[in-house]
Amino acid sequence: MADPPLALLAELTHRCPLACPYCSNPTELVAKGAELDTATWARLFREAADLGVLQLHLSGGEPAARHDLADLVRAAREAGLYTNLITSGIGLTGARLAALEAAGLDHVQLSVQGVTAEVSDRIGGYRGGFERKMQVAAEIARLGLPLTLNAVMHRDNLDDLPATIDLAERLGARRIEVACVQFQGWALVNRARLQPTPAQVERAKAVVRAAQERLRGRLVIDFVPPDYHSDYPKPCMNGWGSTGLNIAPDGTVLPCHAAQTIPGLSFENATVTPLARIWHEGAAFNAFRGTGWMPEPCRSCARREIDFGGCRCQAMAILGDARAPDPVCRKTQGRAALDALLAAEAGHEGAFVYRRA
Ligand code: SF4
Ligand code: FES
């Protein structure tokens with residue numbers, strides 16, 4: 001039997017006022033009318049806690065688009081879950097933040113698209129967004145809620161990394177996640193436009209190393225590198241079906257946010273099937289669990305329990321085969337396809353395809 005999951009990512013809604021071209025939501029978004037209601041989410045939070053989940057990430061879309069957000073936080077706390085709100089900040093006022101804090105919210109993860117209004121509003125596709133975010137950050141600080149700044153980085157803003165780290169310090173964040181775009185969902189549509197250059201990646205690594213040294217004890221800096229430029233893949237989801245699960249706005253339970261791009265997997269809905277049964281017995285969760293599914297060279301590789309063969313959805317997107325090792329890995333034949341893609345798409349200019357309903 002699988003170990004219990006540690007974390008649940010609850011995608012409360014796919015609605016969002018922003019239109020970021022790197023959004024990890026699927027290109028087929030769930031409509032408002034299909035979203036789970038308050039009571040159903042509250043029941044799922046209790047089921048998740050009973051299953052062993054400790055951390056709940058309230059995400060979207062923009063979770064503040066849900067008017068019942070404070071009720072959901074309260075329900076999660078009553079279930080004994082640690083609650084983290086992942087938000088763009090748009091739609092949050094001082095009064096709503098105070099209500100969330102009163103309901104028991106533990107932590108806020110605020111996204112920034114850039115360090116100036118010009119860059120931030122252009123990338124987010126939302127005029128006035130940067131100013132709103134700065135006001136929301138000030139309210140979060142005033143309430144004393146722990147804050148992580150979530151900076152999604154790509155070719156258009158990676159050179160602003162030093163200023164982004166300065167911004168996290170100025171806003172009183174305890175942690176910044178420098179998250180280079182992972183190419184799933186809308187980001188895959190915009191991959192050529194978002195892909196950083198190798199020189200940018202090297203500069204960013206040096207900036208992160210120096211800042212981690214300089215800010216030790218004051219600001220935690222987590223770096224998610226752009227994995228196409230790495231030698232080995234990331235341990236996506238810390239191994240499929242090992243640590244976390246996602247619930248989509250309509251109750252579909254997913255092993256990762258892009259799992260629906262893998263043909264042949266079938267997904268169950270938590271409104272019909274108990275979460276514990278889906279986690280332990282669901283066909284999708286067992287499809288790539290552990291190491292038994294692995295082909296060579298992963299099967300006999302010393303890193304097989306470090307990166308778990310990488311990301312199944314990335315193998316699907318690039319090689320058309322979810323069972324193949326992640327093509328980021330330099331030990332695999334698939335790497336040639338990824339290098340060819342990088343060469344073909346290098347320097348691509350053109351318009352963003354913004355996320356839209
Ligand atoms: Fe990871 Fe497989 Fe590459 Fe080994 S061969 S490093 S397990 S992707
Ligand atoms: Fe699906 Fe990585 S996003 S396994």
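Biologist: Which residues does Phe45 touch, not counting residues up to four places away in sequence?

Modeller: Phe45 touches Leu56, Ala75, Ala76, Ala79 and Leu81. Two residues are in contact if their C-beta atoms, placed from the backbone, lie within 7 Å. This is a predicted model, in which local features need pLDDT of at least 70 and side-chain atom pairs count only at pLDDT 80 or more, whereas totals for chains, interfaces and linings use all residues. Residues are numbered from 1 along each chain as its sequence is written, and chains are lettered from A and ligands numbered from 1 in the order in which they are written.

Biologist: Why is Ala19 called partly exposed?

Modeller: A residue is buried if 20 or more other C-beta atoms lie within 10 Å of its own, exposed if 12 or fewer, and partly exposed in between. Ala19 has 17 C-beta neighbours inside 10 Å, and therefore counts as partly exposed. Ala19 lies in the loop between β1 (7–11) and α1 (38–51); helices (H or I, at least four residues) and strands (E, at least two) are DSSP runs, numbered from the N terminus.

Biologist: What does Ala19 touch, not counting residues up to four places away in sequence?

Modeller: The contacts of Ala19 are Gly124, Gly125, Tyr126, Tyr354, Arg355 and Arg356. The C-alpha atoms of Ala19 and Val353 are separated by 9.1 Å, although these residues are 334 apart along the chain.

Biologist: What makes β5 largely enclosed by the rest of the structure?

Modeller: 7 of the 7 residues of β5 are buried, so this strand is largely enclosed. Leu147, Leu149, Ala151 and Met153 are buried on one side, and Thr148, Asn150 and Val152 on the other.

Biologist: How do you know that β5 pairs with β4 and what joins β5 to β6?

Modeller: Two strands pair if DSSP finds at least two bridges between them. β4 and β5 have 5 bridges, in the parallel sense, and Ser111 stands opposite Asn150 in β5. β5 and β6 also run parallel, joined by 6 bridges; Val152 has Ala179 as its bridge partner in β6.

Biologist: In what order do the strands of the open sheet lie, and which are its edge strands?

Modeller: The order of the 9 strands is β7-β6-β5-β4-β3-β2-β1-β8-β9, with mixed pairing. The edge strands are β7 (220–224) and β9 (253–254), as each pairs on one side only.
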